[in-house]
Amino acid sequence: MTGPVDVLVVGAGPTGLALAAQLDALGVSVQVVDRRAAPFRESRAIVVQPRTLEVLRPLGLAERLVARGDPAPDFRLHLGTRVTRLRLGAASMPDVGYPFLLMLPQAQVEAVLLEYLVERGVPVRWGTRFDTAIERDDDMLVTLRDGNGERERVPARYLAGCDGAGSTVRAGAGIGFPERPYGAAALLADVDLDTDLASDAAHVFLGSHGVLFFLHLRENAPWRMVTIRSGSRRPDPLDAAGIADALTDGQVRVREVVWDSWVPLRRGFATAFRAGRTVLAGDAAHVHSPAAAQGMNTGIQDAANLGWKLALAAAGVPAASELLDSYEIERRPVDRATLALTHLAYLVEAGANPLVGRARSVVAPLAAPLVGFDLSRRLVVRVMGQLWLRYPPGPAVVGTPGRVGGPCPGARMPDVDLRRDGVSLRLHDVLASPGFHLLLCGGHDAGLPASGGHDAGLPASGSPDAGFGASGAGDWEWRYRRWLTVHRIADRSGPGVLGDPGRRLVRPGGVQYLVRPDGYVAYRAVGYDVGRLVDLLARWLPATSPAQTAPTPGRTSATDGPATDGY
């Protein structure tokens, strides 16, 4: 019997690997299993959204992904003999660190995540299937089967089903999955062409009978061909070359089909995202049309939301159950909105209505050049990039009501300009480490000395001129140093204090922001009184004993005092 783990993740796709990476960075023991015999599989997704890059940045993975992908993809729109060139470069979005849609095949995303886990020593076991799980008082006993049918039992505190639309974990937990078929399927084929298409661009053939994509992915063959066809049942034979000839009016000739896949499309939602110690994420929790490039990204963001909550539950914090409940409270509305967006995109891309077909062939080519304008690119990036979402008040989003200015509780923390020792930097640079980040923001004369002091002299809590002093406050900073990094921010930088020249965060009288590991504001309060904040930390975070010297999650060595922004 394999030794116990905190979390057993079933499924080594982007969602499962991202969840395992989040858990490991927060100090949780995790193991990943997948029924596939080997890591590689043909890519289903090809776009990484800005918000996905942001949630992976604290793990050091965003730059790895950007280095492998194309942040300014070139598209050629074909309508008959007319070709319109469209380059989707970065939009001017000062609050976004990655203001572009990154073209990168799913296989490459999985490779980066897998490399990270290998570097960290996190086991990923291939050719291993989930069989059953029995929930006990304090854990679960999970039975796995290898390729030879041999069974083994693994004790785990929690079980995460990231094993796709046909999830065996979901079925084993008795969670329903009502779904509706589209009556259509996605045809994916890796092909060699007789036609000379520019290999440095993606080609889109628009017509009244559908849309056809040619992408230079170079997985099994130079080109990936993608289209949506009516009918859920795979034709026999499947004539990919004939489909390409028909949808391009004979302009593109397929020489050889090296690999193809016929994927029936459907939309569905799990009746629950959690049953006891079992949780679902990604396609195991929801499936939708691949239109609008949301599937892989939504799954990774499920993982970012779930990871820190599972980590705290595994640590046995008082708020463990309500934090796990908040996963579904927060993600279900977002995932439903994503389903609606992808359904609309599907109707535009593949709808059989004659008016829709007319729009594809006439309106779309006329509207496409508008994407070249910065305003249009900003809209596309913000909507498709999932930068719009905000979580509602609940167990994992608390704070003072009313208009304060700055980001609200539940909102994504924007990437604002800061100053340190006369050098410009961005807020997301400061937040680029796993765990929680506390921003104590006040005016330049509000009393913001560097963290780390433990001598007496802090003004009484609630005093209007108290400021966020380091001395009395240092006790609770020390207590939660393994999970919490504290940053002091004022309108001008100084010793141990970051400057916010644009006053995007600082407010007269002080304001506190607790930023969750997934980059959303968990708590906001006005003033210098940290009493309510300390009460919240006591419920959410495991305290570090005075003798404990374990490193802060995601950091390489133990801290000598409270975790700070480098001072």
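Here are some numbered notes on the structure above, for someone meeting it for the first time.

1. Start with what kind of model this is. It is predicted, so local features are described here when pLDDT is at least 70, side-chain atom pairs count only at pLDDT 80 or more, and totals for chains, interfaces and linings use all residues. Residues are numbered from 1 along each chain as its sequence is written, and side-chain values use heavy atoms, with hydrogens and water left out.

2. Next, confidence. pLDDT is the predictor's confidence in each residue, on a scale from 0 to 100. The protein's mean is 85, and 84% of its residues reach 70 or more. Residues 445–466 are a stretch to treat separately: pLDDT there is below 50, although the stretch has 53 contacts in the model beyond near neighbours in sequence. Residues 554–567 also have pLDDT below 50, with 41 contacts of that kind. Contact here means heavy atoms within 4.5 Å.

3. Now the overall layout. The protein has 13 helices and 27 strands. Both are DSSP runs numbered from the N terminus, helices being H or I with at least four residues and strands E with at least two. Of the 567 residues, 56% are buried. Buried means under 20% relative accessible area, exposed means over 50%, and partly exposed lies in between (1.4 Å probe, protein chains only). Among contacts between residues at least 6 apart in sequence, 71% join residues at least 24 apart.

4. What about the inside? A nonpolar core is a set of buried Ala, Val, Leu, Ile, Met, Phe, Trp, Tyr and Cys residues joined through side-chain atoms within 4.5 Å. The largest one has 101 residues, and Leu484 and Leu514 touch the most other members. Helix H7 (residues 295–314) gives the most to this core, with 10 residues. There is also a second, separate core of 19 residues, with Leu193, Phe214, Ile243 and Val254 among them.

5. Follow the chain to Pro517, in the loop between strand S25 (511–515) and strand S26 (521–526). Is Pro517 buried or exposed? Pro517 is buried, at 12% relative accessible area. Beyond four places in sequence, Pro517 is in contact with Trp308, Gly435 and Phe436. Pro517 and Asn305 are 212 residues apart in sequence, but their C-alpha atoms are 8.3 Å apart in space.

6. Two packed helices are described by the angle between their axes and the distance between the axes. Axes are lines fitted to C-alpha atoms, for helices over the stretch in contact, and angles run from 0 to 180 degrees between N-to-C directions. Angles under 35 degrees count as roughly parallel, over 145 as roughly antiparallel, 65 to 115 as roughly perpendicular and the rest as oblique.

7. With helix H4 (residues 106–120), H1 packs at an angle of about 30°, and the axes are 9 Å apart. H1 and H4 are therefore roughly parallel. Residues meeting here include Leu17 and Ala21 from H1, and Leu113 and Leu117 from H4.

8. The axes of H1 and H7 come within 8 Å and cross at roughly 30°. That makes H1 roughly parallel to H7. Among the residues making the contact are Ala18 and Leu19 of H1 and Ala303 and Gly307 of H7.

9. Ala12 counts as buried, at 1% relative accessibility. Beyond four places in sequence, the contacts of Ala12 include Leu17, Val33, Glu110 and Trp126.

10. Finally, some backbone details. Most residues other than glycine have a negative phi, and most peptide bonds are trans. A cis peptide bond joins Asp236 and Pro237, with omega about 5°. Pro237 sits in the loop between strand S14 (223–230) and helix H6 (240–247). Arg218, in the loop between strand S13 (210–215) and S14, has a positive phi near 55°. Arg218 is exposed, with a relative accessible area of 61%. Asp249, in the loop between H6 and strand S15 (254–269), also has a positive phi near 55°, and is exposed at 64%.
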